Every structure is written in C-alpha cells, then in structure tokens.
Amino acid sequence: MTGIKSVRKYFAVLKINLIMGLQYSVAAFTGIITQFAFGIFHIMIYKAFYDSAKTPPDMPFDKLVSYLWCIQAFLALITIWWQDNDLLQNIADGNIAYELNKPVGLYNYCFARICGKRIANVALRFLPVLIFAQLMPAPYNLTLPRNPVSVLLFIGSIFISLVLVVSISMFLYIITLKTLSPVAPRMIMSIVFDFFSGIVIPVPLMPEAFQKILFYLPFRYISDWQFQIFTENIGNTKAAEGLLIGAFWAVGLLWAGQLLMGRMQKSIVIQGG
Amino acid sequence: MKLYFKYVEIAFKGLIQYPLNFIATFFGQMATTALGFIGVYMLFMRFDNLAGYSFSEVALCYSVSFTVFAFTECFFRGFDRFSNMIVKGTFDLVLVKPRSEILHILGSTIEFSRLGRMITGIVILVLSVNMADIRWNIYKGIAFILMLAGGTAVFSGLFILGASFCFVTVQGIEVVNIFTDGGREFASYPLTIYEKWAVKFFTYVIPYACFNYIPLAFITDKAVDYPQILYMLSPLVCFIFFIPCIVVWKISVRHYLSTGS
C-alpha cells in the first residue's frame, strides 16, 4: 500500500508509542541524574588526560566537554544496546502473528514503533541535560553552537541518526524472527556499533588511521558526526559531506532491511498457539 | 553454606539449558570489557600519560576495578535485582523460608556470564602486573589480596545498600547505580587524577581509594607520605564500610516486616 493514507497510519503508531513512552517520566528523571553523574565522571577523566598532555590533541577541551554532554543527553537515541524489549518478546512468543494480521507492513510497523519509543525516551531527557550542562562551572560546561548553519545541520543530522539507528536495529528484529533469541546478535551488534560510534571513546580521540576508515563506515554517523557538528569541531562543508555519506548508509540499510524482512516473512515460523 | 552451593548448582543447571545464550553473553561480556580497555589504550596512544601515571599503572587500576566488580556482580546480582523481588512479591516468600534472607537473595540470581568480564579483567590484570615491573614481596602480596577483597566488600555493600532503598522507592537503585557502575568506571583510574572534592568523597565516604589507589601506591613503591603499614592495610576500611550497609539492610527488612504485608 502506498500513498498518504498509509503513511498516516504509521504516524499513528509512532504517536501511540510516543505517548506511552512519555509516561515514564519518573524513570526519566532518575535517568537524567544518572546521566549527569556519568557525564561528570567522564569529563573529569578526560580533563586529567588533557592536563597532562604534552601536545594537546586537535579537539579543544571545551568542545570535547560539549561532545561528552551530547552523548549523555542523546544516549537514548544513539545506543544500539537499547532496544524495544516488548517487541523482542513478542517475536519470541509468537505474538507477532497478531501484527501480521493487521493491514500494516511489518517492517514499517516495527520501524514506526521503535522510532516512537526512542523519540519519547530522548525527548524527555535531552533538554534538561543540555540546559543543566550549560550551567555547570567552567570548564565542565556545555557550549551551544553559534553558527546558525551548524544548528540546521545538527537538526538534519539528528534525523539521519534516528533513521540510521532504527534501520540498523531493525536487523536485530529480523534476525530474531529467525533465531527467536535476540541475546547473541544484540550483544554483538551493540559491542561493535556502540564502540565505533564514539560512545566509549570519542572518535576524534581515536588514532588518525582509524578515523579515516570510519569516515566511510556507517558507525560514526549515528552519533559522532552529530556531536562534531554540534560542537563545531569540523567545518560546515565537511559536515555536509559526512551527512551525505550518513544519509546514503541510512537509506541503504533501510532498503536492505525491508528486503530482508520481506524474505523472512515468506518463511516465517510462528511458535505457539 | 551448603544451601548456597545448592543454589549455585541450580543456577548452573539453568544456564546449561540455554548453552548458546550463555556462550554469547559470556564472550560478549569479555569483548565489551576488552573493548573498553582498548579504548583506554587508544587514549594513551594519544596522551602518553595520565597525570604522571603510566599506562601500566592505569591498566592495573582498571583491571582491579573491573575484575572485582565483575566478581561482585556475578554473585551479588540478587541484590541488584531486588526491586524485581519486591514488585513481584517474591521477597515475602523469601522471608517465610528458614535461614537468612540474605542467603536466599544471593542464591536467587547468580550470573555466571559476568565471569566473562572477570576473566578479561584477570587477563588484563596479569598483563599489567607484568608490564608494571613490580618488585613483589610478601607484604605487597597481602596488600594485593586485600585490594581484591576490599573492592568486593565496597561493591557488594553498595548493592545491599541499594536493595535497602528498594523498600522505599524502586528508583533508589538507579541512583545507587551511579556508584556501582559509575564507581567501577571511576575507580578504573588512579583516584588522584580527579578533583579534590571527588577524591575526598571517594576516600572517606565510599572508600574506592582504599582498594584502588592507596594499596596500589604501596605496591608500585610510590607510598612515601605515611608509614607503609597504613597503605598495606587500607583495604580494611572497605570492610568497615560494609558494616553500615548490612545494618541499613537489616533495619529496612525489620521495618518491612513490622508494617505487615
């Protein structure tokens, strides 16, 4: 099914999951405190590194601090490790059969659902973290981007991040359709993606050779590129170049995922009544 | 004690039912810890030293912290998951059973997969001990063992404390997470690199320093300010920390019983 009407129903799915997610605001509050503490820990560690460096690294400390705060603020969006456990459970149980009965494309339904949940989780947390991070005493504070073009690029990049993260995550659900247990693929995926996207170590602090390779791979376009734009660590033209690569990966993985799920659906085995 | 080993046996049997899951999680955990360590290595490639500490010294801190935490997580996970027990009401079942409730909670969840992290931790520990070129003697050996024991005491104390908060609010455990997961990260580096207030807090309030930095300074021959014996025995402070944690737990349980449920 194509056309405006069908897209509307996926937006409805997104909206429902968004509202459900927003109700977990209490958990979000404690989550924010946790993220704050971790942000401060990490900044302290890197500060100690920077203070003892004979030759300072390319990325100035204040930008690194903003980068680290961004990681904390947008954590719910950028980690592959977080997934929709209910959906995984549905697949394992066989309840996914109910969704197959509905007049929705399975891929699009799952995609919209996960989008809704991730957006809800992030929306609750990123603003308070960004606001309070600005109020921290120097040099622990976040600095906002000044160039309006950077801001626009950043917003666009977040959109790419969302599509990329969810299209990558979709592979987990597709694999789970076959294997019924998401444990192993989830572990492998999150180990690989969450490291190379810059969450464990910011990509600008990785060895140069690494960074060159990562430029072409999808990993750094999940979060690293976004935060480099935010902190204005790279020129806007280079940023746009990177975004093109990121968009290419996002669309490519989306398309591949839809193809794969289509194949899976034909040979699906539903367990249980 | 026999009962506890029975629990271990049950947990192990449960594990074998799903061998693939266990293997995946086990190796996955090994890999995660290893990658974290590779991250630190990359940082040292760029920065060359951390506040005067060499890579091998930081690696020692890192591996001790991770090893100890993994060990504690494996066996004390029951307390970390305690909010589940309260919400589902299984804690009441535990209270009805004979023997200490602590025993039952410990037995309820034993995550062998965490041993995967522990193995990576131990490997890094062995490597960094070799790298660090330490001159061992019997006292340093004792200090080392006390380090590991002290670390376990601190983390398990925190787990138990966190579980005590569950009686009041389930969110309590999230905050304690800052000091357990966060603490593990924090204690991975020699504590003197941090701001003064952090160092003070994590020496006197939650004594990471006593199983991380202080005995380490003794082992790497950097201990000069105070008599040596103080450095060697500092992990005993960790055991002192453990006592109020248990006390708070006992009080919480008693309060829970008296409110009648």
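In this predicted model, the side chains of K13(B) and E9(B) meet in a salt bridge, with 3.1 Å from N to O. The term salt bridge denotes a side-chain nitrogen of Lys or Arg within 4 Å of a carboxyl oxygen of Asp or Glu. Both residues lie in helix α1 of chain B, 4 residues apart, about one turn of the helix. Helices here are DSSP runs of H or I with at least four residues, numbered from the N terminus.

E9(B) also forms a salt bridge with K6(B), where the closest N and O atoms are 4.0 Å apart. Helix α1 of chain B covers residues 2-17, and because K6(B) and E9(B) are 3 residues apart in it, about one helical turn separates them.

How accessible are these side chains? K13(B) is exposed at 52%, K6(B) is partly exposed at 48%, and E9(B) is partly exposed at 36%.

Let us turn to chain A. R220(A) and D224(A) form a salt bridge of 2.8 Å, N to O, and both of these residues are buried. Over all chains, the count is 10 salt bridges.

Finally, a note on conventions. Residues are numbered from 1 along each chain as its sequence is written, and chains are lettered from A and ligands numbered from 1 in the order in which they are written. Local features need pLDDT of at least 70, side-chain atom pairs count only at pLDDT 80 or more, and totals for chains, interfaces and linings use all residues, while side-chain values use heavy atoms, leaving out hydrogens and water.

Definitions and conventions. Buried < 20%, exposed > 50% of the residue type's maximum accessible area, 1.4 Å probe, protein only. Helix = DSSP H or I, 4+ residues; strand = E, 2+ residues; numbered from the N terminus.
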